[in-house]
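Thank you all for coming; I would like to take a few minutes to walk through one structure with you. Please have the sequence and the model in view as we go.

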Amino acid sequence: MTAAASPVPGSLPEGLVGLTAAEAAARVADGRANTVSTSSSRSVGAILRGNVFTLFNGILGAALVVVLVVGQWQDALFGGVLVVNSAIGVLGEYRAKRVLDRLAILDAPAARVVRDATEVSVDIRDVVLDDVLLLAVGDQVPVDATVLRLAGLEVDESVITGESAAVVKAVGDDVLSGSIVVAGSAGVRVTRVGADSYANRLTSSARRFSLVRSELRAGINRVLVVVAWIIGPLSALLMWSQVRAHGGWQTAFADGSWRSAAVSGVAGVVGMVPEGLVLLTSINFALAAIVLARRQVLVQELPAVEVLARVDVLCLDKTGTLTDGTMALDRLEDLAVVPGAREALAAIGGDRGANTTAAAIAAGLVGVVPAEVDDVVAFSSARKWSAVRTSAGTWVLGAPTIVLAGSTEETATAARDRAAVVAREGARVLVLCRAERAEGTDGAETAGDRDGAGRDAPVLPVGLVPVTLVVLREHVRPDAAETLAYFRDQGVELTVISGDDPATVGAIATALDLSGTGGTVVGIDAGSLPTEIGALSRVMTTEHVFGRVTPEQKRAMVHALQHAGRTVAMTGDGVNDALALKDADLGIAMGSGAAATKAVARLVLLDGRFSSLPGVVGEGRRVIANMERVANLFLSKTTYAALLVVASVLFVAPYPFQPRHLTLVSALTIGIPAFFLALAPSSRRYLPGFLPRVLRLSVPSGLIMGTVVFATHAVVRSRVVEQEARSAATAVLLCCGLWLIGVLARPWLWWKVALVGAMAAAGAGGFLVPVVRGFFALHVLTAQSAVVVAAAVAVGCAGIEAVARRRGRGAPPGRPA
């Protein structure tokens, strides 16, 4: 456990009897202390498992072992892809973990409890069941408890329920873990600790880790699954055909050619695995995450940068997302012209004991000098009013239904009616009144009862005349309207899901023009919503603003939208949002939000700026559009590699390549150019159907390339040695691959021309530079072989061009049809 409790100077509130040190120690021993296994982020083990133990790594890892055992290290270069790909994922997600762990500083690091009739300070993990906990303004409640004694206690439960207004508590009421004391003080008895507390029960299911749903990753994984099913039988058949081609098993074992056959089998396996596509996708995600990090957007899981570009419904929490959770003075409506009213109002807001509402009023009275105060009655949540006496008279600020209750004066009735109209717009309304008589402001006269702490309660002055209506609204984030307009323009449906009052939520949605029509938005009370997922889905297609939504309902709403085939993003900052953020296709948390919420979110807006989201969309679009372009290169390789394996088995012919040949061709026609093409700017909107579009070009192109390569190898091998036949096949594959790059790079720009030219020059250097030629086991082609190669290249390139034009129907082949 933590360090020993330390005494706190000061006297205890009357009548509060806590536990003894021995009783507290017994509860700790029984497991009734406030300890719970929580995590602000994924564990290192989970990150390693998610990035190392993958189907891709399993396939390449097995092939790597075979080559290292029976072949040469030059043929094992593909193993570097395995290591780099895993490292990128691990390092990227570990970086996000470290940032979140630093953010997850406890909001309530210590608690004040009564032990042995003395107030002591203890770590929140040392609070035990039945402890008497002392709460004051600014404290975050670490456990669930019941109020024993209080003095004007108000708590902010927005992080738990979404309700923006402070909740007034009375003796016997429950206070929930995670809520914050915003006014008054109290002594409370602890009723639930650790995993049993409300906040921990709410977030327990959200702690289960699940991968973000990525269309890019899903498409690649579908290809890998197909490859995994066929790779075993095909590699075994390929090895058998290579042994047969070398004279049979007896001869192969006698002269050691079985090793060459095994390496050829691995070459077929490696050729079918789009290892570079997996690696490039990881690199692209990682680079996007770095770009977004500079904009204060933390990407917890790398594929999340893609998901926001696919989202067609954005669900928004109100408090902490559209608003910053604070109140702001909207306007003053004068009911009568009375000198000194503004100055008195500024004095009430400027008092050191003023609550957050009064402070918001003072902040809005720019340039108003507070009046000199002769006497003051501080605000009390039980009274719902405060008062000051100045040279201009006695002034009372409070709820109209309280301070004007019982008054039949025409001015009072009009003030109450007007306040009710404004309140229905979602605003909070107070009234400033003036009284000629000042009973109660000096505390000499009492109301005849006592407040929660046992003190005499001040009397409300009589003869109050309403002077000014004070209208307050939640402070809307300055970037919210512009960001919402951006998503509307992009065709993203916007839905506000809040735990606050429906009228308040509707007013905020109206102020932000959520619908884009300029009309009034009416909030729907979630208590009237159906529970059946189909019926709820139908409601959410027509209604888009909801209030009084419980945490479980938020999650059900996300499920209902997904049930309708929508891709859902959810933003939020409170514990009440954690369940919905967890189950949404993309959860987005504010940097100021609860630790549990940030831990389950895929993206965290560290500076809380809502305007960062369009930048995330831009990065996601760039990743999707460019990865679709370069995926054609990788999947064409998978296609021709599979075709070559099947042809080698059927014709009992030697496999045309060694692994190092495929490494060279892959680097010059796929890996290096794909890297640059993948980083090119792109603002194309997301189009569903990533994998089918890619297969329409890559599969026919791969079949054409595989056919001309196998034919070239067979023709040349019948006339010259095997190594020259493999060199000829390498040359054909290199030229056809470069032509496919040219197709995908259209429309041409200077840097694309330079890229293709550089790859062609490097390919020529592989044949002409002796050191490089020797490393990759290439031969200089004879004139006869060169003629065969030229004919095969002409046929292959013409076929690829025909497929691209048919696919694009006259549009630039580098873009999706």
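Let me begin with Ser785, which lies in helix H28, spanning residues 783–808, where helices are DSSP runs of H or I with at least four residues, numbered from the N terminus. This is a predicted model, in which local features need pLDDT of at least 70 and side-chain atom pairs count only at pLDDT 80 or more, while totals for chains, interfaces and linings use all residues. Residues are numbered from 1 along each chain as its sequence is written, and side-chain values use heavy atoms, with hydrogens and water left out.

Ser785 counts as buried because its relative accessibility is 3%, buried being under 20% relative accessible area with a 1.4 Å probe and protein chains only. Its side chain makes a polar contact with the side chain of Thr782 at 3.0 Å, that is, a pair of N or O atoms within 3.5 Å, one able to donate a hydrogen and the other to accept it. Not counting residues up to four places away in sequence, Ser785 also touches Val716, Val720 and Glu724, with contact meaning heavy atoms within 4.5 Å.

Ile624 lies in helix H22, and its C-alpha atom is separated by 6.5 Å from that of Glu306, 318 residues apart along the chain.

Methods: Helix = DSSP H or I, 4+ residues; strand = E, 2+ residues; numbered from the N terminus. Buried < 20%, exposed > 50% of the residue type's maximum accessible area, 1.4 Å probe, protein only.
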